[in-house]
Amino acid sequence: MSETPRHIAVVALRRSGTTALWNLFRQDARYTCYDEPFSHLLHDLPVDNVKRTRAEFIALYNRDPDRFRSLYAPIPRGEETVRGLSEKQVEYLEYFLEGGPTAFDVTRCMGKIPAIHAIIPDAVLVHLYRHPVAFASSHLLPSDRFDPLGLRKRRNRSTALTRSGRFNGWGMEELLRTKWIDTTNTLFAEVGVQLPPKSARVPAAQRLLGGWLGAYRLAEREGRALYGSRFVSLSFEDVCRDAARNVATIRSLAGAPSEALDVSKIRPASAGISPTDPRWIAMARAAGFTAKEREQFFGAGVDT
């Protein structure tokens with residue numbers, strides 16, 4: 001067992017299960033675990049949040065509030081699909097890594113794996129992704145905190161596969177349809193994904209599938225190329241099916257094998273809205289999924 005385990009970085013899109021995986025790593029006392037360090041919501045530290053995921057940030061902040069404030073550098077929405085990190089963001093990342101082995105998750109770093117690798121080349125990189133239908137579905141329906149009575153959720157469910165908008169609960173509509181679509185398309189062009197123009201009235205679900213595909217291809221290509229055997233491609237569905245085994249694999253790669261973690265709070269993954277509806281296949285094809293990718297994620301014979 002390594003005396004100093006490697007850092008563990010989890011890259012994913014929002015609504016991909018990062019907090020659940022991060023909470024598992026949090027059980028290992030050798031690691032300091034930071035949930036979404038580049039979030040703009042940390043501006044109100046040392047206040048905790050509803051999910052109670054800020055204890056590590058609060059401890060870091062309380063050691064030197066002035067230093068934290070001077071270094072804190074969130075990634076704004078419009079920079080999520082821009083290559084690289086700013087000098088201040090690099091300094092901030094180095095700051096919260098300096099205290100020893102760290103596990104952290106980021107959902108604002110599409111195309112930023114090379115920048116992360118430049119800072120922690122010997123880390124374990126985990127690409128966590130959700131099934132594309134489940135991912136798209138989660139953005140088409142508001143969460144309970146946005147919709148406590150479930151009224152919008154029922155309305156949105158009935159139009160989920162046909163409407164062209166109303167999927168911005170976590171900012172994806174700005175990246176895939178409105179403000180920042182040109183920036184996103186510039187990045188996605190590197191992996192052969194092109195989102196429809198702003199004015200095109202295509203289903204929101206199709207745009208979300210395109211966004212998922214671009215991010216997936218980027219993370220798979222760059223993660224494997226840069227981290228090699230220390231790159232883990234992991235679906236959230238597999239985490240839910242066998243969290244203990246998958247987390248043990250990651251910890252072993254990081255040089256931090258230990259006793260099994262408590263995985264009792266992991267729940268089965270949702271399959272999304274009408275996952276067998278053939279419209280999903282048609283939208284995946286229109287979004288740019290190759291025949292091989294459609295077979296991988298939707299099953300053999302889906303195009304026949």
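## Briefing: salt bridges, a helix pair and selected residues

Arginine 221 has a relative accessibility of 39% and therefore counts as partly exposed. This value, like the others here, comes from a predicted model.

**The salt bridge of arginine 221**

- Arginine 221 pairs with glutamate 190 in a salt bridge between their side chains, with an N to O distance of 3.5 Å.
- Arginine 221 belongs to helix H10, while glutamate 190 sits in the loop between H9 and H10, so this pair ties together parts that are 31 residues apart in sequence.
- Glutamate 190 counts as partly exposed because its relative accessibility is 36%.

- Side chains of opposite charge can pair when their charged atoms come close.
- The model has 21 salt bridges by the rule applied here.
- In one of them, glutamate 80 meets arginine 14 through their side chains, at 3.1 Å from N to O.
- Glutamate 80 is in the loop between helix H3 (65–71) and helix H4 (87–97), and arginine 14 is in the loop between strand S1 (8–11) and H1, so the bridge ties together parts that are 66 residues apart in sequence.
- Both partners fall under the 20% cut-off for buried residues: glutamate 80 has a relative accessibility of 1% and so counts as buried, and arginine 14, at 8%, also counts as buried.
- Glutamate 80 forms a salt bridge with arginine 77 as well, and their closest N and O atoms are 2.9 Å apart.
- Arginine 77 has a relative accessible area of 21%, so this residue is partly exposed.
- A network of salt bridges links Arg14, Arg77, Glu80, Arg108 and Glu174.

**Helix H1 against helix H12**

- Two packed helices are described by the angle between their axes and the distance between the axes.
- For helix H1 (residues 18–25) and helix H12 (residues 243–253), the axes come within 11 Å and cross at roughly 65 degrees.
- The two helices, H1 and H12, are therefore roughly perpendicular to each other.
- H1 and H12 form a right-handed crossing.
- On the H1 side, the contact is made by Leu21, Leu24 and Phe25; on the H12 side, Ala243, Val247, Ile250 and Arg251 take part.
- Sorted by class, the residues in this contact of H1 with H12 are six nonpolar, no polar and one charged.

**Buried residues of helix H2**

- Helix H2 spans residues 55–63, and Glu56, Phe57, Ile58, Leu60 and Tyr61 are buried in it.
- The cover over the buried residues of H2 includes H1, strand S2 (32–35), H3 and H4.

**Two loop residues**

- Aspartate 262 is located in the loop between H12 and helix H13 (278–287).
- With a relative accessibility of 46%, aspartate 262 counts as partly exposed.
- Neighbours within four places in sequence aside, aspartate 262 is in contact with Leu24 and Gln27.
- Aspartate 262 and arginine 15 are 247 residues apart in sequence, and their C-alpha atoms are 22 Å apart in space.
- Serine 199 lies in the loop between helix H9 (181–188) and helix H10 (204–227).
- Serine 199 counts as exposed because its relative accessibility is 67%.
- Between serine 199 and arginine 177 the C-alpha to C-alpha distance is 8.4 Å, and the two are 22 residues apart in sequence.

Terms used. Residues numbered from 1 in each chain as written. Predicted model: local features only at pLDDT ≥ 70, side-chain atom pairs only at ≥ 80, totals over all residues. Heavy atoms only, no water. Helix = DSSP H or I, 4+ residues; strand = E, 2+ residues; numbered from the N terminus. Buried < 20%, exposed > 50% of the residue type's maximum accessible area, 1.4 Å probe, protein only. Axes fitted to C-alpha atoms, helices over the stretch in contact; angles between N-to-C directions. Parallel < 35°, antiparallel > 145°, perpendicular 65-115°, else oblique. Left-handed = near helix turned anticlockwise from the far one by under 90°. Contact = heavy atoms within 4.5 Å. Nonpolar A, V, L, I, M, F, W, Y, C, P; charged D, E, K, R; others polar. Salt bridge = Lys/Arg side-chain N within 4 Å of Asp/Glu carboxyl O.
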